[in-house]
Amino acid sequence: MNEVKSLEVKELNKEIELNVNEEKHSLSVAPNHTLLSVLRNQLGLTGTKYGCGTGECGSCTVLVDSKPIPSCLILAVAVEGKRIVTIEGLSQNGNLHPIQEEFVKSMAIQCGYCTPGFVLITKALLDQNPNPTNEEIKQYIKGNICRCTGYVTIVKAINAATERLKKPKRQRYDSGI
Ligand code: FES
Ligand code: FES
């Protein structure tokens with residue numbers, strides 16, 4: 001009986017190609033599987049975290065065509081042809097992205113569960129608005145929940161990343177990239 005059921009479900013799968021972190025992946029996905037589930041369970045990109053599963057915590061945030069999206073709320077089949085960036089896609093040649101480095105330096109990470117979502121929402125913010133005020137930062141990140149830090153160090157890290165990213169590209173990375 002179980003075997004019949006699993007065959008039936010498999011027949012409903014869709015063949016799609018996802019562009020994740022500049023790599024194309026051909027996948028067979030269930031039509032009701034979320035992007036979060038496919039990233040974590042089929043692509044092994046476990047940096048994207050499952051928190052609430054209902055769009056309220058931001059821990060599953062990824063960038064879809066540069067916009068921050070809760071990946072628990074969108075179906076994988078709906079993002080075929082779009083450019084998806086997860087936390088694994090931010091580092092370059094093994095070096096952390098400047099936003100990640102500023103989160104570390106500002107001690108904006110405790111348990112770290114919320115951090116990938118906060119780093120990606122910061123990337124989206126600074127791509128749109130390279131010089132946000134404190135109020136604009138707080139507004140933009142209000143959909144992301146951190147249960148550890150109290151947010152002060154997160155806002156500090158975002159301000160530090162803002163300053164860092166204003167610098168010419170050569171000076172942004174400690175490694176000189
Ligand atoms: S797990 Fe997606 S918003 Fe909480
Ligand atoms: S550092 Fe623990 S939830 Fe944010």
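Me: Which residues in α3 meet which residues in α4?
Reply: In this predicted model, I99, Q100 and F103 of α3 meet T115, V119, T122 and K123 of α4. The residues of this contact divide into three nonpolar, three polar and one charged.

Me: What makes α3 oblique to α4?
Reply: Let's start with the value. The axes of α3 (residues 98-105) and α4 (residues 115-128) come within 10 Å and cross at roughly 125 degrees. Angles of 65 to 115 degrees count as roughly perpendicular and those over 145 as roughly antiparallel, with the rest oblique. That makes α3 oblique to α4. The crossing of the two helices, α3 and α4, is right-handed.

Me: Why is V20 called buried?
Reply: Good one to check by counting. V20 has 22 other C-beta atoms within 10 Å, and the cut-off for buried is 20 or more, so V20 is buried.

Me: Where does V20 sit, and what does V20 touch beyond residues up to four places away in sequence?
Reply: V20 belongs to strand β1, residues 14-20. Setting aside residues up to four places away in sequence, V20 touches H25, L43, I84 and T86. As for K82, 62 residues separate it from V20 in sequence, while their C-alpha atoms are 8.7 Å apart in space.

Me: Which residues are buried in α2, and what do they pack against?
Reply: In α2 (residues 35-42), the buried residues are L35, L36, S37, V38 and L39. The buried residues of α2 pack against β2 (23-29) and β3 (61-64).

Me: What follows α2?
Reply: That is G44, with a positive phi near 70 degrees.

Terms used
Residues are numbered from 1 along each chain as its sequence is written. Chains are lettered from A and ligands numbered from 1 in the order in which they are written. This is a predicted model: local features need pLDDT of at least 70, side-chain atom pairs count only at pLDDT 80 or more; totals for chains, interfaces and linings use all residues. A residue is buried if 20 or more other C-beta atoms lie within 10 Å of its own, exposed if 12 or fewer, and partly exposed in between; C-beta atoms are placed from the backbone. Two residues are in contact if their C-beta atoms, placed from the backbone, lie within 7 Å. Axes are lines fitted to C-alpha atoms, for helices over the stretch in contact, and angles run from 0 to 180 degrees between N-to-C directions. Angles under 35 degrees count as roughly parallel, over 145 as roughly antiparallel, 65 to 115 as roughly perpendicular and the rest as oblique. A crossing is left-handed if the near helix is turned anticlockwise from the far one by less than a right angle, and right-handed if clockwise. Ala, Val, Leu, Ile, Met, Phe, Trp, Tyr, Cys and Pro count as nonpolar, Asp, Glu, Lys and Arg as charged, and the others, Gly among them, as polar.
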